[in-house]
Amino acid sequence: TLSHYEFSRHLLLLIKKWGRRSGVINSMDGLLASYALTVMCAHFLIKVGKLPKVSTLRSTDEPQLLPFFPEYRPLNDGKGLDVAELGFLTAAFFEYYGHIFDYEKNVVCTTNMNLLKKTMRWEKSPGLETGRPPFFEFAIKDPYGLDNIGRNLDREATEYVKDAHIVALKYILDERNDPEFTINNITQSPPRPQWKDRTLASRGIASSNCSPDQLEAHHMLKRMEFHERRKAMERFGQRTVRSTEQQRVVSSVANDVLGWIRGDDSQQ
C-alpha cells in the first residue's frame, strides 16, 4: 500500500523516529508497537487521498503471497520530493490524531475509513474491569485480521498518545520559521506529555509463578535488554550509513582516476 505514494516511507520514518523519542512507541510499558504506528500512518494517508484503500480481499490474501525474503526497495533519494508537502503531511498527521480522530467511537482501519467500534463490538473494554488487556480505548484494526493491535493501551495510555500528538503539532506550529531545526528536534528530543512510570501491578499484570516484586524486576531487566538491543541496532545503522557514504566517495574518486587514465591513454 505504501508504494502508491513514493514518499510515504519518508513520512513513516520521521513519525516512527518521533514515536520512539516521544515514548509513544513503547509496547513493553503498555503503549504502541511500531507496527501500530505504521497502520496509523497508512490510515492517515488514505484519509488524505495519498494512498488507495486496501481491499478486503487483498488484506486477506497478501500475507500468504508475500515472499519469505521480500526484495528490498531502496528509499527514494528524495530528489523529486516536495518538501513543503511532506512538512504539511507531518503536521496534518499530528493534527489528525491529536484533534480530529474520535478515540471513543472510531477505529483506525485501512479498508473502511468510517469503521466504528460499535460495528466491531469493541465498545466496551473488558480490560477496564480486570485491569488487563485487551482494551478497546484505542482501536486499531489489524489489516490482516480482526484483532485490535491497540489492545495494549488502557485509558491512561490512550490519553498519552493523543496528548503526544497534540504537543508535537503545537511545537511544529510554534517553530515553523526554522523547519530544519524543528524536524531535528521533533525526531531527537520532542516535547512529551506528562507520564508516570507505572508498575506492572498498577496495570493489573500479575503472575502466579512469582511475587509482584520479582515480576517487576524481571520486567525491568527485559526492558533494559530491549533498549540496549535497539541502541545497538541504531549504532549499526549509523555505521552502515557512514560506510556507504565513504564507499561513494571512494567510488567517485576511483571513477575520476579511471576517467583520467582513459583520457590520458587516448591521447598517446
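**Helix packing and a buried loop residue**

Q: Are helix 7 and helix 8 roughly parallel or roughly antiparallel to each other?
A: In this predicted model, the axes of helix 7 and helix 8 (residues 179-188) cross at roughly 160 degrees and come within 9 Å. Angles over 145 degrees count as roughly antiparallel. The two helices are therefore roughly antiparallel.

Q: What span does helix 4 reach from its first C-alpha to its last?
A: Helix 4 covers residues 83-100, which is 18 residues. At 1.5 Å a residue, 26 Å is expected. The span in the model is close to that, at 24 Å.

Q: Which elements are included in what covers the buried residues of helix 4?
A: The buried residues of helix 4 include Leu86, Leu89, Phe93, Phe94 and Tyr97. Their cover includes strand 1 (107-108), helix 1 (8-22), helix 2 (34-47) and helix 7 (155-174).

Q: Is Asp29 buried or exposed?
A: Asp29 lies in the loop between helix 1 and helix 2. Its C-alpha atom is separated by 7.9 Å from that of Arg198, 169 residues apart along the chain. A residue under 20% relative accessible area counts as buried. Asp29 has 9%, so Asp29 is buried.

Notes. Residues are numbered from 1 along each chain as its sequence is written. This is a predicted model: local features need pLDDT of at least 70, side-chain atom pairs count only at pLDDT 80 or more; totals for chains, interfaces and linings use all residues. Side-chain values use heavy atoms; hydrogens and water are left out. Helices (H or I, at least four residues) and strands (E, at least two) are DSSP runs, numbered from the N terminus. The expected span of a helix is 1.5 Å times one less than its number of residues. Buried means under 20% relative accessible area, exposed over 50%, partly exposed in between (1.4 Å probe, protein chains only). Contact means heavy atoms within 4.5 Å. Axes are lines fitted to C-alpha atoms, for helices over the stretch in contact, and angles run from 0 to 180 degrees between N-to-C directions. Angles under 35 degrees count as roughly parallel, over 145 as roughly antiparallel, 65 to 115 as roughly perpendicular and the rest as oblique.
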